[in-house]
Amino acid sequence: MDRKDLLTELAVLIAVCLFGFIGLCARAMHDHGLTSMEIVQLRMIFATGVLALAICIGGVGGFRIKLKDLWIFVLFGLFKNLSDLTFFQSQVTLTLSLSTLLQMTAPYYVLILSLVLFRERITIRKIGAMMLTFVGLILVIGIPQGSSMESIGMALALVSGLFYSTFCIGSKIIDNRGYRPITGIFYMFLFSLLFSLPFSDPSAVVGAISNPDILPYCVVLGVFLTALPFFVMTWGTTRIGACKVSTISVMEAVSTTLVGFVFFGETLSPINMVGMIVVVASIALMDIHIRGRIRKRIHLPARVHDPVR
């Protein structure tokens, strides 16, 4: 393996592992009285600001978009907002590892959407992978009982995976329109921020930014756990390919589990761990397969940006 490729894979791995710390910031900010929507807004404020600065450094031409494409950025910015909102709320009610694992079912939503949008064929491999995932999820979460908060959290995490899958497809479409990855990410983040404004308390957001106890979490979440990893993943896909980056991204589940264990004392039983391995393996297998198929359906170039979180 080329040394540069090895270093790129290492950088992507570090970026992926950073996502495992998102729950640490989200829970801390929630404990300070912030709602999930306000956490989303603060995340987007700092992430959008850093991306805007990066675009300015690279040339203000990165801000240019066509008016006829505006609806794409608006729509998928909304999906990004809803994905983050449901994900943060699930992390408050579930263990970090479980909420992340359930959101990582996004590739299966992509598969279902591709059946409708791109007339993707249903194969034995796909059905087998789906069944494998279902078995793995049962081993990890069991069968929910009643209408407890935990069941609601599971539903929110699965819904987050749905919205994240649409965000992924939107990013591919934007890339196919000829926009730089950082431009697409910036505008989707910007509209995600705008959608959060009517549903949050402005005084709480301003207070969080001015509060020395909360501000560090805002900066870490927006800059180091959002803007920076997105940039590294974007850069990584241009060097080692989207499929390899996608495969590495399953390590997020491991990172999140370790964060939950170290900081919150969360543990998994042996059966849970087996289930997690089964799900991660099936997701990696399916993710590699469907991305290539979707790329052909919407005529994407070989080097395409695959967003994360």
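Author: Happy to; contact here means heavy atoms within 4.5 Å. In the protein chain, residues 24 or more positions apart account for 86% of the contacts with a separation of 6 or more. The model is predicted, so local features need pLDDT of at least 70, side-chain atom pairs count only at pLDDT 80 or more, and totals for chains, interfaces and linings use all residues. Residues are numbered from 1 along each chain as its sequence is written, and side-chain values use heavy atoms, without hydrogens or water.

The protein chain holds 14 helices and zero strands (DSSP runs numbered from the N terminus: H or I of at least four residues, E of at least two). Of its 309 residues, 52% are buried, that is, under 20% relative accessible area with a 1.4 Å probe, protein chains only.

For the close look, let's take helix α4, residues 70-93, and helix α5, residues 96-103. Their axes, lines fitted to C-alpha atoms over the stretch in contact, come within 9 Å and cross at roughly 150°. The pair α4 and α5 is therefore roughly antiparallel, a label for angles over 145 degrees between N-to-C directions, on a scale from 0 to 180. On the α4 side, the contact is made by Ser83, Phe87, Ser90 and Gln91; α5 brings Leu96, Ser99, Thr100 and Gln103. By type, the residues of this contact between α4 and α5 divide into two nonpolar, six polar and no charged. Nonpolar covers Ala, Val, Leu, Ile, Met, Phe, Trp, Tyr, Cys and Pro, charged covers Asp, Glu, Lys and Arg, and the others, Gly among them, are polar.

Key
Parallel < 35°, antiparallel > 145°, perpendicular 65-115°, else oblique. Buried < 20%, exposed > 50% of the residue type's maximum accessible area, 1.4 Å probe, protein only.
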